[in-house]
Amino acid sequence: MARIRIASFNVENLFERPRAMSGQMREEGNPILDAHARINELFQAGTYTEAIRAQILDLLKTLGLLRSDEAQFAVLRQVRGRLVKRPAAPKPVEVVAGGRGDWIGWVDLVKDRVDELAMTNTARVITDVDADIQAVVEAESRIALKRFADAGVLAGDGKPAYPHVMVIDGNDSRGIDVGLMTKGPHAIVDIVSHVDDADSAGRPVFSRDCPQYTVALASGRRIVLLVNHLKSKGYGTQADNDALRGRQARRVAAIYQQLRAAGQDDVVVLGDLNDTPDSAPLHPLLAGTDLQDVTVHPAFTSDGRPGTYANGAKSQKIDYLLLSPHLFGQVVGGAIFRKGVWGGVNGTLFPHYDTMTSPVHAASDHAALYADLDLDA
């Protein structure tokens, strides 16, 4: 029996994470993340009108950067030229740049080092899940993921378990990308980026990317994987977030249909889709295609908690492993792996690693999700 395991895991960054997204700062960080994204968009305007100048000043205030280039959550980089003039209070701060051509700079988010034990537990989850093909959500870069895998995820002979590691930088200025790791016999042989896919208004569809990886298995059979991290509900307005997530789901569905029409029967869509199965934004993908969720397969082992995030409630099912009909017919097992998640206030809702004595030690707020397939079936 030729078995293969495919998994998805949102690692929530490996080494560094924006302070505004970490721990107790998450709730406070939402307006920070929104302001960071918006102000960098405004900086690209050719001419800073009075309305744009007023918005820039408001956003600098939100970011704590009105009177200084450095704040708790963000840093204003003024590399060449000046964006603002800051006379001594009570005189007001002024935007002195006339537009994008007058200065070079941007706003960066301040990052904190991820707890070392949390890194160890992240590696432990990936080691214990032991997938042949492992999708990773929220990796900082290919180099970061490669270093992490080479040092922390080892095979029985002490060599890296995942020699093939790939991440394509996407559209997220916070450095949150999606990637893929595969074991030695299974090579990544083709990569297509959808980072420039645009909607009818010319806006980028994907907040990160929807990289299309083709993996050649040891047998020569090829599987195409679409790794995703759709727009979150975490900041911005719900209506805008839902609309963007819906556009993303429609585009993923279209890419999938194109692959199937071209004769590719083995396709997996996986990752953090940031919404529930009954949500309107995900409807084009979950109901508008023939993709099947591995969690509804009779061979899938449920622990009674349908969710993949935090406490595992029904409303917290946001990570997915969706299979084309041919692959779904070859499923022989699967599960949600929660040992790296801190469940509930005391972490006792379900078994977790004994090395986790505090929420900060958790590998992630997301559980890993995997499917086992018998490719001879």
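Before I start, one definition: two strands pair if DSSP finds at least two bridges between them. Keep that in mind, and remember that this is a predicted model.

Let's begin with strands S12 and S13. They pair in the antiparallel sense, over five bridges.

S12 and S13 belong to an open sheet of six strands, in the order S11-S12-S13-S14-S16-S15, and the pairing is mixed. The edge strands are S11, residues 187-192, and S15, residues 292-293; each of these pairs on one side only.

On its other neighbour, S13 runs parallel to S14, and six bridges join the two. There, histidine 229 stands opposite aspartate 272 in S14. Move on to S14 and S16, residues 267-272 and 319-323, and the direction is antiparallel, with five bridges. Leucine 270 faces leucine 321 of S16 in that stretch.

How much of S13 is buried? Seven of its eight residues are, so to speak, under cover. Part of the picture around S13 is helix H5, residues 238-261, which lies across S12, S13 and S14 and runs at about 175 degrees to S13.Let's stay with H5 for a moment. The helix has 24 residues and spans 34 Å from its first C-alpha to its last, close to the 34 Å expected at 1.5 Å a residue. Its buried residues include Leu244, Ala249, Val252, Ile255, Tyr256 and Leu259. Arg245 and Gln248 are also among the buried residues of H5. What do the buried residues of H5 pack against? They meet S12, S13 and S14, plus helix H6 (283-286) and helix H7 (325-328). Just after H5 comes glycine 263, with a positive phi of about 100 degrees.

Next, the aromatic rings. How many aromatic pairs does the structure hold? There are two. One is phenylalanine 43 with tryptophan 103: their centres are 4.9 Å apart, with 90 degrees between the planes, and the pair is edge-to-face. Phenylalanine 43 lies in the loop between helices H1 (25-42) and H2 (50-63), while tryptophan 103 lies in the loop between strands S5 (94-95) and S6 (104-109), so this pair ties together parts that are 60 residues apart in sequence. Are phenylalanine 43 and tryptophan 103 buried or exposed? Both are buried.

Then there's phenylalanine 337 with tyrosine 353. Their ring centres are 6.4 Å apart and the planes sit at 50 degrees, so we call this pair tilted. Phenylalanine 337 is in strand S17 (residues 331-337) and tyrosine 353 is in the loop between S17 and strand S18 (368-374), so the parts tied together here are 16 residues apart in sequence. Phenylalanine 337 and tyrosine 353 are buried as well.

Finally, two arginines to look up on your screens. Arginine 5 has its charged end over the ring of tyrosine 370, 3.9 Å from the ring's centre. Arginine 338 lies over the face of phenylalanine 350, and there the distance to the ring centre is 5.7 Å.

That's my tour, and I'm happy to take questions. Thanks, everyone!

Notes:
Residues are numbered from 1 along each chain as its sequence is written. This is a predicted model: local features need pLDDT of at least 70, side-chain atom pairs count only at pLDDT 80 or more; totals for chains, interfaces and linings use all residues. Side-chain values use heavy atoms; hydrogens and water are left out. Rings of Phe, Tyr and Trp (its six-membered ring) pair if their centres lie within 6.5 Å; planes under 30 degrees apart count as stacked, over 60 as edge-to-face and the rest as tilted. Helices (H or I, at least four residues) and strands (E, at least two) are DSSP runs, numbered from the N terminus. Buried means under 20% relative accessible area, exposed over 50%, partly exposed in between (1.4 Å probe, protein chains only). A charge sits over a ring if NZ of Lys or CZ of Arg is within 6 Å of the ring centre and within 35 degrees of the ring normal. Contact means heavy atoms within 4.5 Å. Axes are lines fitted to C-alpha atoms, for helices over the stretch in contact, and angles run from 0 to 180 degrees between N-to-C directions. The expected span of a helix is 1.5 Å times one less than its number of residues.
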